[in-house]
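Please keep the structure open beside the text as you read.

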Amino acid sequence: MDSAARVERERLLRRAVLGGDEGAWRTWYDEAFDALYAYILWRCGGRHDQADEVAQETWLTAVRRIRRFDPDRGSFAAWLRGLAANVLRHHLRRRSRQWKREEAAKSAETALSPQPQPDHADRIAATLDAVSERHEAVLRAKYLDGLSVAEIAARWNETPKAIESLLTRARQAFRELFEK
Amino acid sequence: MTLGPNDHGQCDEPVDALLRTGTGPCGVSPIRETTLARTIGVIRFRRHVRKCILAASLAGCYAAGLATAGLQTRARHEAPSPQAARSPSPGPRGLPRPAVAPARLSREEIVRRDADRSLLERGDVKKATRQYALYLKLASADQRASSPEQDSWLLMALKDARSRELKHDRVKQD
C-alpha cells in the first residue's frame with residue numbers, strides 16, 4: 001500500500017474509532033497485534049510475562065490516546081511501537097527501583113550473601129532501551145524483522161555500505177551497554 | 001557477563017544471540033482476546049459519554065427555550081401601571097389617541113374603538129370589518145378624513161375600497 005493510500009485509510013479508521021465504531025477498532029487491532037507483540041517480546045528479552053503486561057498497557061494507552069495519532073506523521077504500527085517503548089521504559093524503571101529496594105533489604109539482612117543480579121532478559125531489555133533510536137531501529141529491522149542489509153538499505157533509502165556500518169555501530173553500542 | 005572480542009565487519013555471535021532472544025514465532029498470545037475486550041470497553045464508554053453529553057445539551061437547549069417562552073408570557077400578562085390605565089389606549093399604530101372623556105365619545109367613535117379592539121386584541125377580522133363598515137356609514141366625511149395615521153390597516157383598506165366605489169359610481173353616472 002503506497003503512502004497516500006495508507007494515510008487515507010488510517011485517517012478513515014481513526015475517524016471511525018473516534019466515532020465509536022468497534023468494528024474499525026477490531027480491524028486495526030487484528031492487523032497490528034501480532035507485529036506489536038513480537039516487537040514487545042523482543043524488547044523484553046523474550047520474557048512473556050512482562051511482554052503480556054506491556055502489550056496490554058500499550059493497547060489501552062493507544063485506544064485512550066487515539067485522538068493524538070496523526071496518520072500524516074507516521075504509520076499506526078510505528079505509533080504503537082513508540083507507545084510500547086515508553087510503557088516498557090516505565091516498567092524497566094519500576095523494576096529497577098524494585099530490584100534496588102530488594103537488594104538493599106537483602107543486604108541489610110545478610111551482609112555476606114552474594115548480591116542478586118538482574119536476570120538475563122532484564123539486561124537485554126534494559127540495553128535495548130538504552131541504545132539510541134536509530135540503533136534500535138536498525139537492530140529491529142535486522143533481528144526482529146529479519147531483513148537483509150540490502151533490504152534495509154532499500155527501505156531506508158541508504159546504501160548497503162551505510163547500513164552495514166550502522167549495524168556494526170549498533171552492535172558495538174549494544175555490547176558496551178550490555179557489559180556495563 | 002562479558003562478550004567475546006568484536007570483529008568489525010564480521011558476525012558478532014554472542015551479540016547476535018542476545019539480539020535474537022525473543023524473536024521467532026510468538027504463538028497465540030493469551031492476552032489477545034482479553035486486551036481486545038478491554039479496549040472495546042473503552043470505546044463503548046466513550047460512546048455513552050458522548051451520547052450523554054449530546055442529550056444534556058439538547059435538554060439544556062429545550063430548558064432555555066421553555067424559560068424564554070415563560071419570560072415572554074410573563075411580560076405579556078403583567079398588569080398595566082395605574083398611569084397607563086388612566087391615559088387613553090394608543091391607537092392602532094401605537095400613537096396616543098387624544099384624551100376624550102368616555103361620556104363625550106360619539107356613537108361612531110365608540111363603534112370605531114370596538115372595531116379596533118376586535119381586530120387588534122381579538123384578531124376577529126370579520127367582526128372588525130362589520131364594525132368598521134358601520135362606522136363608515138355613521139361617520140361624517142370630516143370624521144372619516146380626520147386622523148388617518150391612527151387608522152388600522154383594515155380601516156384604511158375599507159376606506160380605500162369605499163372611495164374607489166364612489167369614484168366608479170360617479171364615472172358611471174357621467
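In chain A, the axes of H6(A) and H8(A) come within 9 Å of each other and cross at roughly 105°; axes here are lines fitted to C-alpha atoms, for helices over the stretch in contact, with angles from 0 to 180 degrees between N-to-C directions. H6(A) is therefore roughly perpendicular to H8(A), on a scale where angles under 35 degrees are roughly parallel, over 145 roughly antiparallel, 65 to 115 roughly perpendicular and the rest oblique. H6(A) brings His135(A), Val138(A), Leu139(A) and Lys142(A) to this contact, and H8(A) brings Ile163(A), Leu166(A), Leu167(A), Arg169(A), Ala170(A), Ala173(A) and Phe174(A). Residues are in contact if their C-beta atoms, placed from the backbone, lie within 7 Å. Sorted by class, the contact has eight nonpolar, one polar and two charged residues; Ala, Val, Leu, Ile, Met, Phe, Trp, Tyr, Cys and Pro count as nonpolar, Asp, Glu, Lys and Arg as charged, and the others, Gly among them, as polar.

A word on the ground rules. This is a predicted model, in which local features need pLDDT of at least 70 and side-chain atom pairs count only at pLDDT 80 or more, while totals for chains, interfaces and linings use all residues. Residues are numbered from 1 along each chain as its sequence is written, and chains are lettered from A and ligands numbered from 1 in the order in which they are written.

Staying with H6(A), its buried residues are His135(A), Val138(A), Leu139(A), Arg140(A), Ala141(A), Lys142(A) and Tyr143(A). Buried means 20 or more other C-beta atoms within 10 Å of the residue's own, exposed means 12 or fewer, and partly exposed lies in between, with C-beta atoms placed from the backbone. The cover over these residues includes H7 and H8 of chain A together with H1 of chain B. Just after H6(A), Gly146(A) has a positive phi of about 70°.

H8(A) has another partner to look at. The axes of helix H5 (residues 120-130) of chain A and H8(A) come within 9 Å and cross at roughly 130°, which means that H5(A) is oblique to H8(A). Here Arg123(A), Thr127(A) and Ala130(A) of H5(A) meet Phe174(A), Leu177(A) and Phe178(A) of H8(A).

Now step back to the whole chain. Chain A has eight helices and zero strands, both taken as DSSP runs numbered from the N terminus (helices H or I, at least four residues; strands E, at least two). Of its 180 residues, 31% are buried.

What lies at the centre of the largest nonpolar core's contacts? Among its 47 residues, Ile40(A), Val54(A), Ala84(A) and Leu88(A) touch the most other members; such a core is a set of buried Ala, Val, Leu, Ile, Met, Phe, Trp, Tyr and Cys residues joined through C-beta atoms within 7 Å. H2(A) gives the largest share of this core, ten residues.

Finally, turn to the partner chain: 32 residues of chain A are in contact with 27 residues of chain B. On the chain A side, H2(A) again gives the largest share, nine residues.

Definitions and conventions:
Two residues are in contact if their C-beta atoms, placed from the backbone, lie within 7 Å.
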